[in-house]
Amino acid sequence: MAKIGYARVSTRDQNLDSQRDQLKAVGCERIYEETYTGSRKGDRAELEAMLAYLRPKDVVVVTKLDRLGRSLRDLLDLVEEINEKGAHLQSLGESVDTSNESGRVLVQIMGMLAEFERNRIRERTLEGLEAARARGRVGGRPPRFNAKQRQLVVRLREEGQSLRQIAKLLDASVGTIVRAIEKETATSGGQMAQGT
């Protein structure tokens with residue numbers, strides 16, 4: 001069994017001295033240090049190296065849980081990955097240790113809270129969409145052209161302009177022009193060829 005430290009700071013102007021000292025004080029034989037990280041787990045090369053190095057019964061030690069995971073979901077995924085390797089997690093700041101029963105229970109409670117929060121977010125999103133629909137609003141990006149602009153697009157097309165020419169003239173994509181024509185012809189009940 002070995003104690004493996006993991007230290008992380010979010011920006012280059014922060015320093016790891018305090019975390020390093022705490023991890024050495026509890027007997028970490030090896031410390032992986034991340035001095036700047038992106039937003040995804042894959043952006044953390046030292047974290048990936050530490051996870052690859054882990055052996056059964058090793059203990060990953062962090063000064064605080066937020067040094068390991070950026071969100072509760074991220075943290076729980078990492079705890080699960082550490083557990084799958086037969087290793088454990090110890091956080092000095094929160095007195096969490098997954099090698100004992102109370103630490104495992106705490107992680108399970110955190111998992112339930114994360115699931116609860118995900119469900120609440122989903123419910124709030126659905127409630128918001130339902131309320132918007134009741135008021136006649138639908139989700140998605142607002143249309144690029146209003147009715148008069150769509151009529152202009154159709155008129156330019158009828159005058160022989162190509163879709164690319166109209167798109168360039170109106171600073172829009174060809175797809176946007178096609179959708180404007182489709183919407184206008186559907187509204188007016190007419191039909192129009194749409195070749196480029």
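A residue is called buried when its relative accessible area is under 20%. The model shown in these views is predicted.

**Figure 1. Overall fold of the predicted model, with eight helices and five strands.**
Read from the N terminus, the elements follow the order β-α-β-α-β-α-α-β-β-α-α-α-α. The protein has 196 residues, and 33% of them are buried. Of the contacts with a separation of 6 or more, 65% are between residues 24 or more positions apart.

**Figure 2. The salt bridge between Glu184 and Arg150.**
The closest N and O atoms of Glu184 and Arg150 are 3.2 Å apart. For Arg150 the relative accessible area is 10%, which is why Arg150 counts as buried. Setting aside neighbours within four places in sequence, Arg150 is in contact with Phe145, Ala180, Lys183 and Glu184. Side chains of opposite charge can pair when their charged atoms come close.

**Figure 3. The largest pocket and the residues that line it.**
The volume of the largest pocket is about 260 Å³. Its lining consists of Arg141, Pro142, Pro143, Arg144, Phe145, Arg150, Thr176, Arg179, Ala180 and Lys183. Helix H8 gives the largest share of this lining, with four residues. Arg150, one of the lining residues, lies in helix H6. Phe145, Ala180 and Lys183 also line the pocket, and these three are among the residues in contact with Arg150.

**Figure 4. Charged residues of helix H1, with the salt bridge between Arg20 and Asp17.**
In this pair the closest N and O atoms are 2.8 Å apart. Arg20 and Asp17 both lie in helix H1 (residues 17-25). They are three residues apart there, about one turn of the helix. Arg20 has a relative accessibility of 22% and therefore counts as partly exposed. Asp17, at 38% relative accessibility, also counts as partly exposed. A network of salt bridges links Asp17 and Arg20 with Glu33. In the model as a whole, the count of salt bridges comes to nine.

**Figure 5. The salt bridge between Arg120 and Glu123 in helix H5.**
The closest N and O atoms of Arg120 and Glu123 are 2.5 Å apart. About one helical turn separates Arg120 and Glu123, because they are three residues apart in helix H5. Arg120 counts as partly exposed, at 25% relative accessibility. Glu123 is partly exposed as well, with a relative accessible area of 38%.

**Figure 6. A nonpolar patch on the surface, with its largest share from helix H5.**
The patch is formed by Leu72, Val105, Leu106, Ile109, Met112 and Leu113. Together these residues have about 490 Å² of accessible area. Five residues of the patch come from helix H5 (residues 101-134). One of the patch residues is Leu106, which is placed in helix H5. Leu106 has a relative accessible area of 33% and is therefore partly exposed.

**Figure 7. The loop that holds Ser95, between strands S4 and S5.**
Strand S4 (88-91) and strand S5 (96-97) are the elements on either side of this loop. Ser95 is not a glycine, yet its phi is positive, at about 55°. With a relative accessibility of 66%, Ser95 counts as exposed.

**Figure 8. The loop that holds Asp171, between helices H7 and H8.**
Asp171 is found in the loop between helix H7 (163-169) and helix H8. Asp171 has a positive phi of about 55° although it is not a glycine. The relative accessible area of Asp171 is 65%, so this residue is exposed.

Definitions and conventions:
Residues numbered from 1 in each chain as written. Predicted model: local features only at pLDDT ≥ 70, side-chain atom pairs only at ≥ 80, totals over all residues. Heavy atoms only, no water. Helix = DSSP H or I, 4+ residues; strand = E, 2+ residues; numbered from the N terminus. Buried < 20%, exposed > 50% of the residue type's maximum accessible area, 1.4 Å probe, protein only. Contact = heavy atoms within 4.5 Å. Patch = residues over 30% accessible without salt bridge, like charges linked within 9 Å, V, L, I, M, F, W, Y side chains within 5 Å. Areas by Shrake-Rupley, 256 points an atom, 1.4 Å probe, with all protein chains shown as cover. Salt bridge = Lys/Arg side-chain N within 4 Å of Asp/Glu carboxyl O. 1 Å grid on protein atoms, 1.4 Å probe; cavity = no way out; pocket = protein on both sides within 12 Å on 5 of 7 lines; lining within 4 Å. Points joined across faces, edges and corners; volume = space filled by probe spheres on them.
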